[in-house]
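Good morning. I will take you through one structure today, from its overall layout down to a few single residues. Please have a look at it first.

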Amino acid sequence: MVEENIKGFLEKEPVTGRLDGTLPRDGELNADLVAAALGIETGAKESKIPDFVANRPPSMCPGCSHIDVYNALNEALAPYGEGRVFSDIGCYTLGALEPFNAINTCVDMGASVTMAKGAADAGLIPAVTVIGDSTFTHSGMTGLLDAVNENSPITVIISDNESTSMTGGQDSSAVGRLEAICKGLGVDPDHIRVLNPIKKNHDEMVQVMKEEFEYDGPSVIIPRRECIQKALRRKKMEAKLKKQN
Ligand SMILES: Cc1ncc(C[n+]2csc(CCOP(=O)(O)OP(=O)(O)O)c2C)c(N)n1
Ligand code: SF4
């Protein structure tokens with residue numbers, strides 16, 4: 001019944017969208033764009049960017065834990081050559097840009113793990129994944145299970161900022177459970193390595209990464225430090241609650 005309705009609608013109406021210019025060819029489909037495409041007046045006005053705002057590429061916040069992860073990763077991977085870091089979508093995707101140039105792919109949620117597995121199975125070793133804690137629990141876990149089942153030599157770096165930061169800092173369903181999840185999926189506990197990604201620990205991080213790149217099986221590295229923006233909001237809230245009590 002439902003199928004007949006859809007068919008009928010499509011037969012009567014021309015299909016419009018990104019290809020005919022009704023919607024932009026790329027980028028996010030926000031509510032205003034979709035409303036305009038449907039001919040709905042929302043009253044939203046395009047806001048002009050003031051002249052004093054300089055055009056610049058996006059970047060990670062100063063002090064972000066992902067920065068420490070990329071600094072270590074670039075050093076640890078240097079002897080192996082480029083083109084082996086499969087990543088995903090989140091704040092850490094900004095590691096694709098200068099000055100890091102640290103990741104080579106970003107396709108869809110979770111693809112970092114399956115792409116690394118495919119590359120390793122095809123002979124690209126080491127093959128590395130960089131994925132966020134939230135994206136990992138959304139759709140990276142299944143790929144890791146696959147890597148465990150076939151003992152694929154990949155290193156999955158779960159850059160754990162205990163937050164879903166790119167979309168506004170929602171709680172991540174991974175909080176407090178990442179090691180247990182990886183163990184449950186069958187990763188050898190000796191190859192689940194938790195790190196504190198701060199400058200002072202740079203050499204230790206490089207060393208651990210090098211060790212896991214040499215391991216002939218799936219390994220997981222979890223650099224864990226709370227997102228700075230989330231920590232600031234949390235501290236503000238805690239101070240407010242303290243004042244109220
Ligand atoms: C299928 C799908 N659902 C939702 C999103 C929106 N989204 C963008 S990044 C992201 C997760 C970011 O969290 P995390 O992986 O922990 O990285 P962080 O931004 O915290 O570094 C989500 C849910 C998306 N891109 N694709
Ligand atoms: S919002 Fe958080 S995770 Fe994102 S770049 Fe800033 S500190 Fe890093």
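I start with domains, whose bounds here come from an automatic or database domain assignment. That assignment gives domain 1 as residues 2-37 and domain 2 as residues 65-227. Their C-alpha centres lie 36 Å apart.

A word on the source. This is a predicted model, in which local features need pLDDT of at least 70 and side-chain atom pairs count only at pLDDT 80 or more, while totals for chains, interfaces and linings use all residues. Residues are numbered from 1 along each chain as its sequence is written, chains are lettered from A and ligands numbered from 1 in the order in which they are written, and side-chain values use heavy atoms, with hydrogens and water left out.

Now the sheet. Helices (H or I, at least four residues) and strands (E, at least two) are DSSP runs, numbered from the N terminus. Two strands pair if DSSP finds at least two bridges between them. Strands of a sheet pair through backbone hydrogen bonds, either parallel or antiparallel. Here, 6 strands form an open sheet with parallel pairing, in the order β2-β1-β3-β4-β6-β5. At the edges stand β2 (105-106) and β5 (192-195); each has a single partner strand, so one side of each is left without a neighbour in the sheet. Further in, β3 (residues 127-132) and β4 (residues 154-159) are joined by 6 bridges. Ala-127, for instance, has Ile-154 in β4 as its bridge partner.

Is Thr-155 buried or exposed? Buried means under 20% relative accessible area, exposed over 50%, and partly exposed in between, with a 1.4 Å probe and protein chains only. Thr-155 has 2%, so it is buried. A polar contact is a pair of N or O atoms within 3.5 Å; within protein, one must be able to donate a hydrogen and the other to accept it, and residues adjacent in sequence count only if both atoms are side-chain atoms. The Thr-155 side chain makes one with the backbone oxygen of Glu-212, at 3.4 Å.

On to the ligands. A residue is near a molecule if one of its heavy atoms lies within 4 Å of it. By that rule ligand 1 is surrounded by 16 residues, and the closest are His-66, Cys-91, Thr-135, Ser-165 and Met-166. Helix α5 (residues 133-149) gives the largest share of this shell, 3 residues. Oxygen atoms of ligand 1 lie 2.8 Å from a polar backbone atom of Ser-165 and 2.8 Å from a backbone N or O atom of Met-166.

Ligand 2 has His-66, Cys-91 and Ser-165 among its surrounding residues, which also include Cys-61, Cys-64 and Cys-227.

Last, the loops. Which peptide bond next to Pro-99 is cis? The one from Glu-98 to Pro-99, with omega near 0°; Pro-99 lies in the loop between β1 (85-87) and β2. Another cis peptide bond joins Ile-125 and Pro-126, and Pro-126 sits in the loop between α4 (111-121) and β3. Asn-151, in the loop between α5 and β4, has a positive phi near 50° without being a glycine. At 41% relative accessibility, Asn-151 is partly exposed. Glu-162, in the loop between β4 and α6 (178-185), has a positive phi of about 50° and is partly exposed at 27%.
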